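Please read the following note beside the sequence and the structure. The points are numbered so that each can be checked in turn.

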Amino acid sequence: MKEKRPLILISNDDGYHAKGINSLVDMLADMADIVVCAPEAARSGFACAFTVTDPLRLKLRREREGMQMWSCTGTPVDCVKLALDQLLDGRRPDMVIGGINHGDNASVNVHYSGTMGIAIEGCMKYIPSVAFSLADIRSDADFEPLRPYVRQMVRHVLAEGLPEGVCLNVNFPMDNEFRGVKVCRMAKGTWYGECDKNHHPRGYDYFWMTGHYRNDEPDAADTDNWALQHGYVAITPTRIDVTAYDAIEKISEALATPEV
């Protein structure tokens, strides 16, 4: 790797072979040295989980000037931890990127998303971090319309950084053209009907985790769901510190002094 170029660490939760992550590498190859460390298979929904009960393995899948692609048997966060510790020859990445995910990670999905787990892990290491997602779950989704937006955002973050403790959750609508970019908050939403019960011929019940998402404030124009539904790219600045500061005083008054 060339020391004079920025270094970007990339991972995802769809697997190293996914079109989204390979499209992202292609978009950024001329801007930085790139190390990809991604799961060997899909790991959607793993959020910030990491592996503590099984050994992990790494495999070099591809290599060319300025780019290495590794697969890992673990979770997206495992990939980031292993890459930082084992694959970068002591270099500190200038940026950590998750994605590009097949499917959006707006609203409460941020808490389940392995793509956002990558950005959160990087942010907890004080590295500017961004997660990119496209609201298209198809394996052959078209990522090309995202190219100028991804390049502009990455160029900006490499040059200016991000506030400490803040990463970006960037979601693109499934369109060939976008109406613009909105920096917005996450929508309030709910998943329901999440368990599909079936009966096995051998006499026992089994369950698929599934579900349907409901936007609980569909008319709120300052949310990521609204932006996506109206053709905008949604950027949601996301904090690592989840402390509810506005509740500290009230909870303290109620609970901090034990009754005698």
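1. Some terms come first. Helices (H or I, at least four residues) and strands (E, at least two) are DSSP runs, and they are numbered from the N terminus. This is a predicted model, in which local features need pLDDT of at least 70 and side-chain atom pairs count only at pLDDT 80 or more, while totals for chains, interfaces and linings use all residues. Residues are numbered from 1 along each chain as its sequence is written, and side-chain values use heavy atoms, with hydrogens and water left out.

2. The pockets are taken next. On a 1 Å grid over the protein atoms alone, a pocket is an open set of points where a 1.4 Å probe fits, with protein on both sides within 12 Å along at least five of seven lines; lining residues have an atom within 4 Å of a point. Grid points are joined across faces, edges and corners, and a volume is the space filled by probe spheres set on the points. The largest pocket has a volume of about 680 Å³. It is lined by 23 residues, of which Asp 104, Asn 105, Asn 109, Tyr 112 and Trp 191 are the closest to its centre. At least two lining residues come from each of β5 (95-102) and α5 (224-229). By class, this lining has seven nonpolar, twelve polar and four charged residues. Here Ala, Val, Leu, Ile, Met, Phe, Trp, Tyr, Cys and Pro count as nonpolar, Asp, Glu, Lys and Arg as charged, and the others, Gly among them, as polar.

3. The second largest pocket has a volume of about 450 Å³. Of its 20 lining residues, the closest to the centre are His 111, Met 186, Thr 238, Arg 239 and Val 242. Two or more residues of the lining are given by α3 (114-124) and by β13 (232-239). Which element supplies the largest share of this lining? That share, four residues, belongs to β13. The classes are nine nonpolar, seven polar and four charged residues.

4. Strand β13 also holds Thr 236. With a relative accessibility of 6%, Thr 236 is buried; buried means under 20% relative accessible area, exposed over 50%, and partly exposed in between (1.4 Å probe, protein chains only). Between the C-alpha atoms of Thr 236 and Asn 12 there are 18 Å, although 224 residues separate the two along the chain.

5. The aromatic rings deserve attention. Rings of Phe, Tyr and Trp (its six-membered ring) pair if their centres lie within 6.5 Å; planes under 30 degrees apart count as stacked, over 60 as edge-to-face and the rest as tilted. The structure holds six aromatic pairs. One of them, Tyr 149 with Phe 178, is edge-to-face, at 5.3 Å centre to centre and 70° between the planes. Tyr 149 lies in helix α4 (residues 147-160) and Phe 178 in the loop between β7 (166-172) and β8 (180-183), so the pair links distant parts of the chain, 29 residues apart. Tyr 149 is partly exposed at 24%, whereas Phe 178 is buried at 11%. Because the ring planes of Trp 191 and Tyr 213 stand at 55°, with centres 5.8 Å apart, that pair is tilted. Phe 132, Tyr 149, Phe 172 and Phe 178 are linked by ring pairs into a cluster.

6. The charged end of Lys 81 is over Phe 50, 5.2 Å from the ring centre. That of Lys 182 is over Tyr 232, 4.7 Å from the ring centre.

7. How many of the seven residues of β7 are buried? Seven of the seven are. One side shows Val 166, Leu 168, Val 170 and Phe 172, the other Cys 167, Asn 169 and Asn 171. Strand β6 (residues 129-134) runs parallel to β7 and is joined to it by five bridges; two strands pair if DSSP finds at least two bridges between them. Leu 134 has Phe 172 as its bridge partner in β7.

8. The peptide bond from Gly 99 to Ile 100 is cis, with omega near 0°, and Ile 100 lies in strand β5. Ser 107, which is not a glycine, has a positive phi of about 55°. Ser 107 is buried, at 1% relative accessibility.

Definitions and conventions
Lys NZ or Arg CZ within 6 Å of the ring centre and 35° of its normal.
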